[in-house]
Amino acid sequence: MVIRKNEAIILRSRDYSESDRLITFFTKSNGRLTGIAKGARRSKKRFVHSLEQLSYVTIAYADRSTSGLVRIDASELRSAFTGLRGDLARLGYASLSCEMVLEISPERQSNSALFSLLLQYLHQLEQGADPENTSLLFQVRMLSLSGYAPNFQTCVFCGQEAYSGKNWYVSIAEGGLLCTAHPGIHGTYPLSVGTVMLLRRAQQTSLTKLWRLRFDRKSREGCRVFLLDLIRHHLEKDLKSLKLLRQIGALNAAG
Ligand SMILES: [Zn+2]
């Protein structure tokens, strides 16, 4: 049995038995883990607010093997992100990001860059950043850090560089851009060259500069549906958190 202590973000928290809770959390150095918090339903004192979804914590857990559930011994709250929990749109986008990380990250596979991205994203939402803009930046970067980055550099068919030309298309099936020389390709999404440049910067710039990038109205329309469809394609499932965002009208144009 190995005892570990790690920074983590709680991705999902649910009742497990009469007294226990089942917690899935994303650690800074050991990736995604799931564990049982014994007595967490009965003894609120032991885990005060530190096992709720979104919470940023220092978690102590006992791990007996290289797979399966861990035993959560303690969880100390570093930030509950209370500033975003009162706003339905921010809460919706934050929950969506937790669900995406939960589904896209393989169990026990370290990805500290993705951890930093999620943590900074939650801080951005709490500090009042535009929730949709920030969410689009998060999604582009999350795909890159998870090994699913689309090719936004050149046409995947003919290699033409995407520096000029008015219209570009992106194909989920082909994994990247297509120029206008290949008509009749189904299932493509139109993107302006400006949007292509923006997506490329969002893949490549440093994490601290990422949040300064801005999707204008047209770029949002182009990317909102395409990015969610791309993520759905890789996860092979629908995301439950989209329901809340749709109910409050935050994703009007999203499919
Ligand atoms: Zn081409």
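Colleague: Which residue does Arg71 form a salt bridge with?
Modeller: Asp73. The closest N and O atoms of that pair are 2.7 Å apart. Keep in mind that this is a predicted model.

Colleague: Is Arg71 buried or partly exposed?
Modeller: Partly exposed, with a relative accessible area of 34%. Asp73 counts as partly exposed too, at 25% relative accessibility.

Colleague: How many salt bridges does a search of the whole structure find?
Modeller: It finds 14 salt bridges. One of them pairs Asp20 with Lys38, with 3.7 Å between the closest N and O atoms.

Colleague: Where do Asp20 and Lys38 lie?
Modeller: Both are in loops: Asp20 in the loop between β1 (2-15) and β2 (21-27), Lys38 in the loop between β3 (31-37) and β4 (56-63). The pair therefore ties together parts that are 18 residues apart in sequence.

Colleague: And is Asp20 buried or exposed?
Modeller: Buried, because its relative accessibility is 7% and the cut-off for buried is under 20%.

Colleague: OK, on to Arg220. Which side chain does it meet in a salt bridge?
Modeller: Asp130, at 2.9 Å from N to O. Arg220 lies in helix α7 (residues 217-235) and Asp130 in the loop between α3 (112-126) and α4 (131-145), so this pair ties together parts that are 90 residues apart in sequence.

Colleague: What about accessibility for Arg220?
Modeller: Arg220 is buried, with a relative accessible area of 15%.

Colleague: Which residues are linked with Asp130 and Arg220 in a network of salt bridges?
Modeller: Glu132 and Arg224. Those two also turn up in the lining of the largest cavity.

Colleague: Nice, let's do cavities then. How many of 30 Å³ or more does the count come to?
Modeller: One. The largest cavity has a volume of about 50 Å³.

Colleague: Which residues line the largest cavity?
Modeller: Tyr93, Leu96, Glu132, Ser135, Leu136, Gln139, Arg224, Leu228 and Leu251. The elements giving two or more residues to that lining are α2 (88-104), α4 and α7. The largest share, four residues, comes from α4.

Colleague: How do the residues of that lining divide?
Modeller: Into five nonpolar, two polar and two charged.

Colleague: And the largest pocket, what volume does it have?
Modeller: About 170 Å³. It is lined by 14 residues, and Pro190, Leu191, Ser192, Lys218 and Gly222 lie nearest its centre.

Colleague: Which elements give two or more residues to the lining of the largest pocket?
Modeller: β7, β9 and α7. Of these, α7 gives the most to the lining, with six residues. By class, the pocket lining has seven nonpolar, five polar and two charged residues.

Colleague: Switching to the metal. What are the protein donors of the zinc ion?
Modeller: Cys155 (SG), Cys158 (SG), Cys179 (SG) and His182 (NE2), lying 2.1 to 2.3 Å from the zinc ion. Along the chain, the donors follow the spacing C-x2-C-x20-C-x2-H.

Colleague: Where do Cys158 and His182 lie?
Modeller: Cys158 is in the loop between β6 (151-155) and β7 (167-171), and His182 in the loop between β8 (176-178) and β9 (188-192), so the pair ties together parts that are 24 residues apart in sequence. Cys158 counts as partly exposed, at 46% relative accessibility.

Colleague: Last one: what are the angles among the four donor atoms?
Modeller: They are 96 to 121°, and the site of the zinc ion is tetrahedral.

Key:
Residues numbered from 1 in each chain as written. Predicted model: local features only at pLDDT ≥ 70, side-chain atom pairs only at ≥ 80, totals over all residues. Heavy atoms only, no water. Salt bridge = Lys/Arg side-chain N within 4 Å of Asp/Glu carboxyl O. Buried < 20%, exposed > 50% of the residue type's maximum accessible area, 1.4 Å probe, protein only. Donors = N, O, S within 2.8 Å, 3.2 Å for Na, K, Ca; no water. Tetrahedral: all angles 85-135°; square planar, octahedral: opposite > 155°, others 65-115°. 1 Å grid on protein atoms, 1.4 Å probe; cavity = no way out; pocket = protein on both sides within 12 Å on 5 of 7 lines; lining within 4 Å. Points joined across faces, edges and corners; volume = space filled by probe spheres on them. Nonpolar A, V, L, I, M, F, W, Y, C, P; charged D, E, K, R; others polar.
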